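This report is meant for a reader who is meeting the structure for the first time.

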Amino acid sequence: MNLDIINVPELSPEASVICLMTKGSLPQSISLAKPEAKYVAACIEKGEKLVVVNSYSRISLFVIANMKQEDWKIAEDMRRAACKVHAILKEHATENVQLLNTTGSENVALAFAEGLGLTQYQFLKYFRDAKKKEYKLKHLSVVGEKPDKKKWEQLRHVLYGVYTTRDLI
């Protein structure tokens, strides 16, 4: 199952969202009720790295990045966080999710999207009930005004290559 990664200019308020952020204030673009915002702030203050808010029709996930580490360590942490996020999205049968990066580094979002894409792979060719087992997540919308199209296209090619290779093995 391929994960379709697209770039969108702005956040849709009714869609599920993954927010990559550093410790600090919550982005204003994510619409949360006051109790939800307080809950997220309290969890971040406790030192949690992943906060989940289930708002009935959508889910909001907040992934806290430690930007004081080396670049390779940040990228690996984001890939691992994406694996945890994928499990939550799978549990909630989420089909579309938006990725909002407020860390200031596009490489953080790229590493997270790579981890999510690699976790999304399934080999279901020989299963009779493949449709039942198939992950529901289909689209990842990356929110941003000026994404580096070359880097995102390269990520799409890497994921396609990995999926194809895994299918052949």
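## The cavity

In this predicted model, the largest cavity is lined by L11, S12, P13, A15, V17, S29, I30, S31, R58 and Q98. Sorted by class, this lining consists of five nonpolar residues, four polar residues and one charged residue. The space inside the largest cavity comes to about 30 Å³, and the structure holds one cavity of 30 Å³ or more.

## The chain as a whole

The chain contains five helices and six strands, and, read from the N terminus, its elements follow the order β-β-α-β-β-α-β-α-α-β-α. Because the radius of gyration of the chain is 16 Å, close to the 15 Å that the globule rule gives for 169 residues, the chain is as compact as a globular protein of that length. The C-alpha trace spans about 45 × 35 × 30 Å along its principal axes.

Of the 169 residues in the chain, 39% are buried. Among the contacts in the chain with a separation of 6 or more, 73% are between residues 24 or more positions apart.

## The largest pocket

Divided by class, the lining of the largest pocket has seven nonpolar, two polar and four charged residues.

Which elements each supply at least two residues of this lining? Strand 4 and helix 2 do, and helix 2 gives the largest share, with six residues.

## Helix 3 and its surroundings

Helix 3 covers residues 106-120, and its 15 residues reach 21 Å from the first C-alpha to the last, which is close to the 21 Å expected at 1.5 Å a residue. Its buried residues are V108, A109, L110, A111, F112, A113, G115, L116, G117 and Q120. The cover over these buried residues includes strand 2 (17-21), strand 4 (58-64), helix 2 (71-91), strand 5 (96-101), strand 6 (139-143) and helix 5 (149-168).

H86 counts as buried because its relative accessible area is 4%, and buried means under 20%.

When neighbours within four places in sequence are set aside, C19 is in contact with P27, I30, L61, F62, V63, L100 and T102. One of these residues, I30, also belongs to the lining of the largest cavity.

The pair formed by C19 and L100 brings together two parts of the sequence: the residues are 81 residues apart in sequence, and their C-alpha atoms are 4.7 Å apart in space.

Notes:
Residues numbered from 1 in each chain as written. Predicted model: local features only at pLDDT ≥ 70, side-chain atom pairs only at ≥ 80, totals over all residues. Heavy atoms only, no water. 1 Å grid on protein atoms, 1.4 Å probe; cavity = no way out; pocket = protein on both sides within 12 Å on 5 of 7 lines; lining within 4 Å. Points joined across faces, edges and corners; volume = space filled by probe spheres on them. Nonpolar A, V, L, I, M, F, W, Y, C, P; charged D, E, K, R; others polar. Helix = DSSP H or I, 4+ residues; strand = E, 2+ residues; numbered from the N terminus. Expected span 1.5 Å × (residues − 1). Buried < 20%, exposed > 50% of the residue type's maximum accessible area, 1.4 Å probe, protein only. Contact = heavy atoms within 4.5 Å. Rg over C-alpha atoms; globule rule 2.2 N^0.38 Å.
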